[in-house]
Amino acid sequence: GRHRLSMNSADPTILDHIRKVMPSATFDPPATPEMVVAAERLLGVRLPLWLRDIYLACNGFVGPTDVRYLYPLDGEDGAAEFTLFLRSEWTLPWIERATIFSENGLGGSLTVHWGILDGQLIEWCYGDGPEYSVADGDIFALLAREQTLWDETEANAE
């Protein structure tokens, strides 16, 4: 079911759910409701409830090999700043309506970014230019897919 957070307490079930699909995840402290509202105002994009709930449980987290699978909302390497950077550097017809909040950590043109666009979870790579794809599944399915890729890479390295 969908987890609902009260506005003043982190929901451990969200963190448990992330840990189920990405056991090595380490979490930053929760964002405040004010931080969520400030990021939404700055970007002019409302976050879907599921992403707000994740941010209210942790303001960012890292997974395997210290990849930042959820940017913090604020700060220099945060989702708001990175999205504003993309808006200034890329002429993407949809970027003004998007918030980019994560990546897979592969680097360069292999980096897959995850974002919210018109309420949908999307995937986009620099090499895709203006093309993006609507994600297959929810954020937990994407994290599980990433964990499987890292596990297979590790197994092949042995």
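**Figure 1. Glu 146 and its salt bridge with Arg 145.** The closest N and O atoms of the two are 3.4 Å apart; a salt bridge here is a side-chain nitrogen of Lys or Arg within 4 Å of a carboxyl oxygen of Asp or Glu. The model is predicted, local features need pLDDT of at least 70, side-chain atom pairs count only at pLDDT 80 or more, and totals for chains, interfaces and linings use all residues. Residues are numbered from 1 along each chain as its sequence is written, and side-chain values use heavy atoms, with hydrogens and water left out.

**Figure 2. Further salt bridges, from a total of eight in the structure.** Arg 46 and Glu 40 meet through their side chains at 3.6 Å, N to O. Arg 46 is exposed, with 59% relative accessible area, whereas Glu 40 is buried, with 10%. A network of salt bridges links Glu 40, Arg 46 and Arg 52. Arg 97 and Asp 118 form a salt bridge at 2.9 Å, N to O. This pair links distant parts of the chain, 21 residues apart: Arg 97 is in the loop between α4 (79-89) and β4, and Asp 118 in the loop between β5 and β6 (120-125). Helices (H or I, at least four residues) and strands (E, at least two) are DSSP runs, numbered from the N terminus.

**Figure 3. Lining of the largest cavity.** One cavity of 30 Å³ or more is found in a search of the whole structure, and the largest cavity holds about 50 Å³ of space. A cavity is a set of points, on a 1 Å grid over the protein atoms alone, where a 1.4 Å probe fits but cannot get out; lining residues have an atom within 4 Å of a point. Grid points are joined across faces, edges and corners, and the volume is the space filled by probe spheres set on the points. The lining includes Trp 50, Leu 51, Phe 61 and Leu 70. Helix α3 gives the most to this lining, with three residues.

**Figure 4. The open sheet β1-β2-β3.** The three strands pair in the antiparallel sense, where pairing requires at least two DSSP bridges between two strands. Strands β1 (26-27) and β3 are the edges, each pairing on one side only. Strand β2 (residues 61-62) is joined to β3 over two bridges. Phe 61 stands opposite Leu 70 in β3.

Key
1 Å grid on protein atoms, 1.4 Å probe; cavity = no way out; pocket = protein on both sides within 12 Å on 5 of 7 lines; lining within 4 Å. Buried < 20%, exposed > 50% of the residue type's maximum accessible area, 1.4 Å probe, protein only.
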